[in-house]
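This briefing concerns helix packing and the surroundings of a ligand. Please consult the sequence and the structure shown here before reading on.

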Amino acid sequence: MAASDAALACQHREVLPELVDVVGPHHVLTAPDEVAPYCTDFSGRYRGATVAVVQPGTVDEVAGVVRLCRREGVAVVPQGGNTGLVGGGVPVDGEVVVSLRRLDGAEGVRPEAGHWTGGAGVALGAVHEAAAAAGWAYGVDFASRDAATVGGTIATNAGGLRVLRYGDTRAQVIGVEAVLGDGSVVSHLGGLVKDNTGYHLPSLLCGSEGTLGIVTAATLRLVPPPERRITSLLAFDSVDRAVQAAYDLRRDVRTLEAAELFLASGLDLVCRVCGLPSPFATPHAAYLVVEAAEDVRAVGAADAVSVAGAAERAGLWRYREGHTRAVNTLGAPHKFDVTLPPPALAEFMHAVAPVVEAAAPVPVRTWMWGHAADGNVHVNVTGLAPEEERVDEAVLRLVAALGGSISAEHGIGRAKRAWLGLNRSDAEVAAFRAIKRALDPDGILNPNVLLP
Ligand code: 2HG
Ligand code: ZN
């Protein structure tokens, strides 16, 4: 979905001198080649234009930018690592981009408390490294860890590979600092686990997609690292068996950290695009990458391999983590990130490709992988024009009909906002709007996402 024309990029030019006053001349990008990487999302489906990318270096500068934009009636889109998958972080309607990547300082780990505190611009991978160096671990992890930022994971309530054990980002955030839509700063980074003093702003800001406040720093809960990690790749002769195994492992393996699903077609594509060898001599219908402190081979798999060394484990994870990049080589995919209740996950996986084909006006391919033990599957459809929405409508209606959620972990963004009503009642959406008005009275924070 491209922004209509250069007119979008010319909007709001009058605020440029004052933006420069707030953040300095080197941190207001306006040249087309400089702003271009901030204007297209990771999948390539959402493309926009902006008069400026502003790069504040302190929370006070973020507040100054918000106050200025509020006064001038200029909408802003906060952006972290730009790894979002629902078009929520790019200026599709000509908004000013507020990039938080310069907020990358960190107080770091308080080892006795088991917390990490740092800026919104710190990469998720750096949190993992800091936690490990201090004898702790951070519970949220996913493939784009080196580009995704702490602020972005909070804004989207990111999930990933280890939700079954540690929960999503919301379960890790103990404190946040953020700039609200009126330019005020809320900060509560003390890191007390028990702190029952009113509304829990971290919960509210988690998953708010930049619509209520711009997260500038956070305190994150760390977890004890597992004793050891054994990674297994299990092969199954049917999707149903793989899905059932993921649910069974969740109950039976006390130390289970991950049970990640992919299918034969996806594995084949990943091997071709990433130049990897096939993991087994013969192909199978479905696979699980399983990680635990114990060896979990014995779950009725047709074939299995287990490894414990860091390099070998990374080798097995490549088959799973290569999926997003491999599918992107086929053109901008339409992405669905859905959860189904346990009895319906396999049923959905069988039903979705025929539904996609019936709705698609052109030949398409449907790809699936995901976090099976959470009931969360990612469906990617390639071959469609970015603006085509009939397939989106059909898939999301199927999900709702089976009692599922139209967004498990990526958020609503632009991609799903027209369908929020499939999961949320009018009363819930009215409550969302009331909260939005209270924290962002003039509606300047990411106004074109989440709410229909
Ligand atoms: C994953 O689990 C990510 O691989 C990305 O959430 C999913 O690219 C996707 O659709
Ligand atoms: Zn995922």
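Predicted model: local features only at pLDDT ≥ 70, side-chain atom pairs only at ≥ 80, totals over all residues.

**Ligand 1**

- The residues around ligand 1 (a heavy atom within 4 Å) are Leu-85, Arg-320, Thr-324, Lys-335, Trp-369, His-371, His-378, Asn-380, Glu-409 and His-410.
- The side chain of Asn-380 places an N or O atom 3.0 Å from an oxygen atom of the ligand.
- For the side chain of Trp-369, the corresponding distance between an N or O atom and a ligand oxygen is 3.1 Å.
- These pairs are polar contacts, that is, pairs of N or O atoms within 3.5 Å.

**Helices α13 and α14**

- Helix α13 (residues 345-359) packs against helix α14 (residues 390-401) at about 150°, and their axes are 9 Å apart. Helices are DSSP runs of H or I with at least four residues, numbered from the N terminus; axes are lines fitted to C-alpha atoms over the stretch in contact, with angles from 0 to 180 degrees between N-to-C directions.
- The two helices are therefore roughly antiparallel (an angle over 145 degrees).
- Their crossing is right-handed, meaning that the near helix is turned clockwise from the far one by less than a right angle.
- In contact (heavy atoms within 4.5 Å) are Phe-348, Ala-351, Val-352, Val-355, Val-356 and Ala-359 of α13 with Arg-390, Val-391, Ala-394, Val-395, Leu-398 and Val-399 of α14.
- Eleven of the contact residues are nonpolar, none is polar and one is charged. Ala, Val, Leu, Ile, Met, Phe, Trp, Tyr, Cys and Pro count as nonpolar, Asp, Glu, Lys and Arg as charged, and the others, Gly among them, as polar.

**Helices α9 and α13**

- Helix α9 (residues 239-252) also packs with α13 at about 150°, with the axes 9 Å apart, which makes α9 roughly antiparallel to α13.
- The crossing of α9 and α13 is right-handed.
- Val-239, Asp-240, Val-243 and Tyr-247 of α9 meet Leu-345, Ala-346, Met-349 and His-350 of α13.

**Helices α2 and α4**

- The axes of α2 (residues 16-23) and α4 (residues 59-72) come within 9 Å and cross at roughly 160°; the pair is therefore roughly antiparallel.

Methods:
Residues numbered from 1 in each chain as written. Chains lettered and ligands numbered in written order. Heavy atoms only, no water. Parallel < 35°, antiparallel > 145°, perpendicular 65-115°, else oblique. Polar contact = N/O pair within 3.5 Å; in protein donor to acceptor, adjacent residues only side chain to side chain.
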